[in-house]
Amino acid sequence: MLGVTAYRSASRMALAVELRNPEDSPPWMTEGATLALEGKKGVTLKVLPVWQDVSIAPGGAQFVLVEAEAIAQEARGTFTLRVRDAGRTGTVAIGGVTFP
């Protein structure tokens, strides 16, 4: 992971996540994601289908867009984002995510 930028509107939240695929890994294609409120077990937001243009080649980097439905009250707090690959062989977890 190289960076995360968070966005929020009246009814949705979005994360632009720049992922880097290690040199010795197979190509990475995101299959899905979860966005869970830290410290509140079982509190997750409804994540829409993740957008990724093409798979990330070994040693390459690319942005992945994760969007969730959430009103302002649901967007408060600190979240953990988990992004999983299509083969379900790898997961990237990013903690400490907050929204404006």
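## Aromatic pair

Across the whole structure, a search finds one aromatic pair. The partners are F79 and F99, arranged edge-to-face, with 5.7 Å centre to centre and 80 degrees between the planes. The pair links distant parts of the chain, 20 residues apart: F79 belongs to strand β6 (residues 79–85), and F99 to the segment after β7 (91–97). The model described here is predicted.

F79 has a relative accessibility of 1% and counts as buried because the cut-off is under 20%. F99 is also buried, with a relative accessible area of 11%.

## Nonpolar core

The largest nonpolar core contains 22 residues. Those with the most contacts inside this core are M13, L15, L35, F79 and L81. At least two core residues come from each of β2 (12–20), β3, β5, β6 and β7. Strand β2 gives the most, with four residues. As a general point, nonpolar side chains in soluble globular proteins tend to be buried together.

Leaving out residues up to four places away in sequence, M13 touches Y7, R8, L35, L45, V66, E67, A68, A70, A75, F79 and F99. This list includes both members of the aromatic pair, F79 and F99. It also includes L35, which is one of the core residues with the most contacts.

## Open sheet

Four strands form an open sheet in the order β1-β2-β5-β4, and their pairing is antiparallel. The edge strands are β1 (3–8) and β4 (46–47), each of which pairs on one side only.

Strand β4 is joined by two bridges to strand β5 (residues 61–69), and these strands run antiparallel. Within β5, A68 is the bridge partner of V47. A68 is also among the residues that M13 touches.

## Salt bridges

The count of salt bridges comes to four. One of them is formed by the side chains of R12 and E67, at 3.2 Å from N to O. R12 lies in strand β2 and E67 in strand β5, so this pair ties together parts that are 55 residues apart in sequence. R12 is partly exposed, with a relative accessible area of 34%, and E67 is partly exposed at 25%.

R12 also forms a salt bridge with E69, where the closest N and O atoms are 4.0 Å apart. E69 lies in strand β5 and R12 in strand β2, so the pair ties together parts that are 57 residues apart in sequence. E69 counts as partly exposed, at 31% relative accessibility. A network of salt bridges links R12, K46, E67 and E69.

Another salt bridge is made by the side chains of E31 and R84, at 3.6 Å from N to O. Here E31 lies in strand β3 and R84 in strand β6, so the pair ties together parts that are 53 residues apart in sequence. E31 is partly exposed, with a relative accessible area of 39%. R84 counts as partly exposed, at 25% relative accessibility.

T30 is found in strand β3 (residues 30–37). Its relative accessible area is 10%, so T30 counts as buried under the 20% cut-off.

Apart from residues up to four places away in sequence, T30 touches L19, V50, Q52, V64, V83, R84, D85 and A86.

## Position of T98

T98 is placed in the segment after β7, the segment that also holds F99. T98 counts as partly exposed, with a relative accessibility of 47%. Leaving aside neighbours within four places in sequence, T98 is in contact with A6, G77 and T78.

T98 and R12 are 86 residues apart along the chain, and their C-alpha atoms are separated by 13 Å.

Note on methods: Residues numbered from 1 in each chain as written. Predicted model: local features only at pLDDT ≥ 70, side-chain atom pairs only at ≥ 80, totals over all residues. Heavy atoms only, no water. Pairing = 2+ DSSP bridges. Buried < 20%, exposed > 50% of the residue type's maximum accessible area, 1.4 Å probe, protein only. Contact = heavy atoms within 4.5 Å. Phe/Tyr/Trp six-rings, centres within 6.5 Å; stacked < 30°, edge-to-face > 60°. Core = buried A, V, L, I, M, F, W, Y, C linked by side-chain atoms within 4.5 Å.
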